[in-house]
Amino acid sequence: MANRPSRRAFLASGLALPVAASANQTLPTGGRPVPAPPPPPSGQMVYSDLGRTGLKVSRLGMGGSAPSDPSVLDLAYDMGVNFFDTARTYATGNSERMLGAAFKDRRKSVVIATKTTARTKDQALRDLETSLKELGSDYIDIWHLHGRNVPADIPDGLFEAQRLAKQQGKIRFSGVSMHFTMKDMIRHLMKIRRTDVILTAYNFAMPPEMEMEKTLAAARAAGIGIVAMRTMAGGFSGTRSGDGPYPGNPEALTIRLKRPGAMVSALKWALRNRFVDSAVAGVTTPDQLTENVAGVSAPFTDADGKLIGVAERAARAQELFA
Amino acid sequence: MMKLIYSLILVLAAAGLLAAADQAPVAACNVVPGWSQTGPDRSYVADNLFEYMDGNAEGYLTYGFVKMQGVTCKKGEVTFVVDLSDFGDADSAYGMFTSNVDGRQPTQKIGMQGQIVPRRAFFAKGQYFLEIAANPEGDHTAALKEWMAAFDKLIPGSTTLPAALAWFPTEQRQSLRLVPKSVFGISALKRGYAAQYDYGKAFVVQEATPQSAGAVMTRLRTRFGATGTVTPAEVADEAFQATDQYLGRLCVFRKGQYIGGYAITQDGMDPIALSKSLAGKVSK
């Protein structure tokens, strides 16, 4: 355990930044897209600017209620993952505790997002104090309002709690997470301009009428950092109708996702969209992690499309891939 | 005539059995006097739990969640959100308990085991997992104790803890949980108990047969051999020691259909000695 591989030193030294910077050369400049850079070598982590936050996040983030073992977090870090997503409610706080214990000695080299389900300002601020304690940190990088699908889910008091927390240095950036009716919610957040980052369900199984591509492009133009979740359409724990509106039946989707390599193809599908800064995925084993990291650096191809059964042509996908 | 009577008795007996099987416990506000229900009943299955629990639903699903029924109860300004989940079997329900328990807080003998903290209480009994979240901010321990006791009487099922729990030493233990898949992050170790200690961690996984456990041992030797040296150790039926970059100094043993061992990250502790002690407690 004493001899950690050089990946940590590499990240800590800031040498990763040129890689991160290069990942962003395709962001719109004055409304004109610039050519995409060549894909990075297979298996190498890619980094993005998270909207206008200035945070450099790995395009693959780790999420989910808890990994099977803390050692998986160590491995993820050594493979270049620097973005970890949790929530106050996950496993009644055990998820935050595990994350806090894993990164207590290297807090500054990771980006941690957590969330509150509170419905009032006071509750939210109390949740924040608990999250800080459980994470063993005096700040949280991104503090999300958890699972807000319609504007009424966010009374002004919650935005005020985020503003206060930011002012006090307890959080760096404010966020909102959502699973349903993203089009309306994201447009609402763009309009009121109080959100730095969104964490949104986004996957290949979503029908075109949800207008996710258009909505995410608009959010990017507004400078909002975009993190995707549920990219595998619930595949790890079985596809469920509650994971989002699917055009087909969940059973058929589950069959597709059981094809070897389909999970990674689903992840690649989400990351092919250059407006998605990072995609968080739940991981339980080193094998899954290795596959996902390889997927991050590879373009979405016709073969991927066939595997997950998307109608969209890979050529169209390549236009969006960054 | 007698045939008809016997047939009638059989039909009635079968109907009685079916009715008994259908008597699943129900979360209701009148379980404790003085409380009344606010809002509608909640009911979820694996397909739609996500709508209620958000990302936290994953934790339930990995433990084999079957269904949930819940109510919100009110007394004065206090509300209790009560949810009763069915996990299909006692092992999975207890697993759910272990994933939620705060290892720094004491547990109570409610059902198999429970925990009560100022704003939250939960316990596992048989195949059921009962949880209550209290609002507003404050210490609701007394009322939560009353509710836990009432549901302990109402919910059927075993109150016996899984035997494996007694195998793990308690000194310097931070947590002990049922890992539903990939114990220690290793896919070959499908499902089992893992304990976190100040100095490292221990695990026990049960395979179907000694033969299948032997096959897993072979896979583990190959896995750890790929990145380091694997040497035999004298523990139980078969064992080896190795060093892993992330897990530390390891000893893994097989005793019958069980695979167990230690991964040590602190100097001064011997994984082989600890594994011998653990293997001695594992009953085939």
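In chain B, 7 strands form an open antiparallel sheet in the order E8-E9-E10-E14-E13-E12-E11, where two strands count as paired if DSSP finds at least two bridges between them. Strand E8 (173–179) and strand E11 (231–232) of chain B stand at the edges with a single partner strand each, so one side of each is left without a neighbour in the sheet. This is a predicted model, in which local features need pLDDT of at least 70 and side-chain atom pairs count only at pLDDT 80 or more, while totals for chains, interfaces and linings use all residues. Residues are numbered from 1 along each chain as its sequence is written, and chains are lettered from A and ligands numbered from 1 in the order in which they are written.

**Sheet and covering helix in chain B**
- Strand E12 (residues 238–244) and strand E13 (residues 248–255) of chain B pair in the antiparallel sense over 7 bridges, and Asp244(B) has Gly248(B) in E13(B) as its bridge partner.
- Helix H6 (residues 210–225) of chain B lies across E12, E13 and strand E14 (258–264) of chain B, running at about 160 degrees to E13(B); angles run from 0 to 180 degrees between N-to-C directions, and axes are lines fitted to C-alpha atoms, for helices over the stretch in contact.

**Chain B as a whole**
- The secondary structure of chain B comes to 7 helices and 14 strands, these being DSSP runs numbered from the N terminus (helices H or I, at least four residues; strands E, at least two).
- Of the 284 residues in chain B, 42% are buried, that is, they have 20 or more other C-beta atoms within 10 Å of their own, with C-beta atoms placed from the backbone.
- Along the principal axes, the C-alpha atoms of chain B fill a box of roughly 70 × 65 × 30 Å.

**Contact between the chains**
- The contact takes 28 residues from chain B and 32 residues from chain A, two residues being in contact if their C-beta atoms, placed from the backbone, lie within 7 Å.
- On the side of chain B that touches chain A, helix H2 (49–53), helix H3 (57–62) and helix H4 (90–100) of chain B are the elements that give two or more residues, and H3(B) gives the most, with 4 residues.
- The residues of that side of chain B divide into 9 nonpolar, 12 polar and 7 charged, where Ala, Val, Leu, Ile, Met, Phe, Trp, Tyr, Cys and Pro count as nonpolar, Asp, Glu, Lys and Arg as charged, and the others, Gly among them, as polar.

Definitions and conventions:
A residue is buried if 20 or more other C-beta atoms lie within 10 Å of its own, exposed if 12 or fewer, and partly exposed in between; C-beta atoms are placed from the backbone.
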